[in-house]
Amino acid sequence: MNQTLPEVEKAQRFKDWVLTYSDMLFGHAVFRGFDHDAARDLVQDTFYLAWKNMDGFEGKASVKNWLFVILKNKITDHYRESASQAAVFVSGHSTQFDSAGHWAKPSYPKELTVNLSEQQDRLDFQTILEGCSAKLNTIQKAVFFMKYMDDLESDVICRQLSITVNNYWTILHRAKVQLRACLQKNWLLIQNI
Amino acid sequence: MSSKELAFNSKYMNAMSCHEAVTFMLKKEEGKISFSQQLSLWRHLAICRLCRLFSAQNRLINYAMKQRHEKLIALSEKEKREIIQNVLDQNAFS
């Protein structure tokens with residue numbers, strides 16, 4: 001009985017952790033570009049590691065910070081894995097440019113009237129940005145979020161994802177051009193409603 | 001870009017394509033272009049309206065990315081129970 005009691009307590013504490021912190025972790029994973037199911041799986045993986053290492057944890061940091069460190073490592077692992085499969089993707093030519101490297105006619109950038117200091121424009125633009133960035137593939141999301149949200153420099157991103165500098169610029173280029181096209185298309189669509 | 005502009009571009013502008021101009025714009029954000037590349041980019045932008053439009057949209061995207069914030073979203077009670085169950089079960093049989 002003495003030996004099983006701590007296990008019961010441990011399980012109870014673990015349940016409390018899940019109930020208290022899973023939404024925060026889930027929200028963060030979604031923010032980092034994972035869809036609902038992938039984000040939930042990441043949260044589960046995080047808690048699995050937390051459960052296995054619970055004995056070693058014991059108050060060295062706050063539970064919340066500790067769980068976030070685990071989640072962030074999981075996310076980086078996930079990104080790196082997708083980077084190792086991205087070699088195929090970075091070859092081939094973008095369809096938004098012609099063979100001479102000039103904008104292809106259907107992809108011409110257009111004038112957009114966006115005023116981000118106005119609330120309605122800001123909300124609309126953010127909604128479209130969320131939708132369009134969700135359409136990027138995993139490696140594009142990884143590079144994009146690390147660069148524009150975490151403010152990391154290319155050499156740091158390359159090291160973390162184990163990609164070459166050339167691949168980095170190709171991935172970023174492709175992501176930016178694709179995101180821009182998606183934004184323009186949807187922005188003009190809602191402007192014409 | 002019209003064919004006239006294209007011809008002008010390749011004759012006088014070190015033939016920087018729009019594809020390359022985008023690359024230089026992205027590298028410039030990190031301060032990773034040389035002075036001569038910067039000059040070529042300026043010259044390209046001076047004559048290429050499409051790339052100027054791209055550049056404006058690019059700045060808009062970068063700004064909006066910084067404004068992103070985490071939303072309060074929740075897993076369902078069922079999903080939370082499943083996470084607890086899955087983790088404890090996995091552990092029991094490992």
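Modeller: The discussion below goes from the chains to their helices and contacts. This is a predicted model, in which local features need pLDDT of at least 70 and side-chain atom pairs count only at pLDDT 80 or more, while totals for chains, interfaces and linings use all residues. Residues are numbered from 1 along each chain as its sequence is written, and chains are lettered from A, and ligands numbered from 1, in the order in which they are written.

Colleague: How many helices and strands does chain A have?

Modeller: Helices (H or I, at least four residues) and strands (E, at least two) are DSSP runs, numbered from the N terminus. Chain A has 9 helices and 0 strands, and chain B has 5 helices and 0 strands.

Colleague: What radius of gyration does chain A have, and what would a compact globule have?

Modeller: The radius is taken over C-alpha atoms, and the globule rule is 2.2 Å times the number of residues to the power 0.38. For 193 residues a compact globule would be near 16 Å, but chain A has 21 Å. Along the principal axes, the C-alpha atoms of chain A fill a box of roughly 75 × 40 × 25 Å.

Colleague: Into which domains is chain A divided?

Modeller: Domain bounds come from an automatic or database domain assignment. In chain A they give domain 1 (7–83) and domain 2 (93–191). The C-alpha centres of these two domains of chain A lie 29 Å apart. Their contact (C-beta atoms, placed from the backbone, within 7 Å) takes 7 residues from domain 1 of chain A and 11 residues from domain 2 of chain A.

Colleague: Is helix 7 of chain A mostly covered or mostly open?

Modeller: A residue is buried if 20 or more other C-beta atoms lie within 10 Å of its own, exposed if 12 or fewer, and partly exposed in between, with C-beta atoms placed from the backbone. Helix 7 (residues 138–148) of chain A is mostly covered, since 9 of its 11 residues are buried. Among them are A:A142, A:F145, A:M146 and A:Y148. Over the 193 residues of chain A, 32% count as buried, and of the 94 residues of chain B, 24% do.

Colleague: At what angle do helix 7 and helix 9 of chain A pack?

Modeller: Two packed helices are described by the angle between their axes and the distance between the axes. Axes are lines fitted to C-alpha atoms, for helices over the stretch in contact, and angles run from 0 to 180 degrees between N-to-C directions. Helix 7 of chain A and helix 9 (residues 165–191) of chain A pack at about 90°, with axes 9 Å apart. Helix 7 of chain A is therefore roughly perpendicular to helix 9 of chain A, a term that covers 65 to 115 degrees. The residues that meet include A:I139, A:V143 and A:F144 from helix 7 of chain A and A:Y168, A:I171 and A:L172 from helix 9 of chain A.

Colleague: How many residues of chain B are in contact with chain A?

Modeller: There are 38 residues of chain B in contact with 45 residues of chain A. Helix 2 (18–29), helix 4 (49–67) and helix 5 (77–93) of chain B each give two or more residues to this side, and helix 4 of chain B gives the most, with 12 residues. By class, this side of chain B has 21 nonpolar, 10 polar and 7 charged residues. Ala, Val, Leu, Ile, Met, Phe, Trp, Tyr, Cys and Pro count as nonpolar, Asp, Glu, Lys and Arg as charged, and the others, Gly among them, as polar.

Definitions and conventions:
Two residues are in contact if their C-beta atoms, placed from the backbone, lie within 7 Å. Angles under 35 degrees count as roughly parallel, over 145 as roughly antiparallel, 65 to 115 as roughly perpendicular and the rest as oblique.
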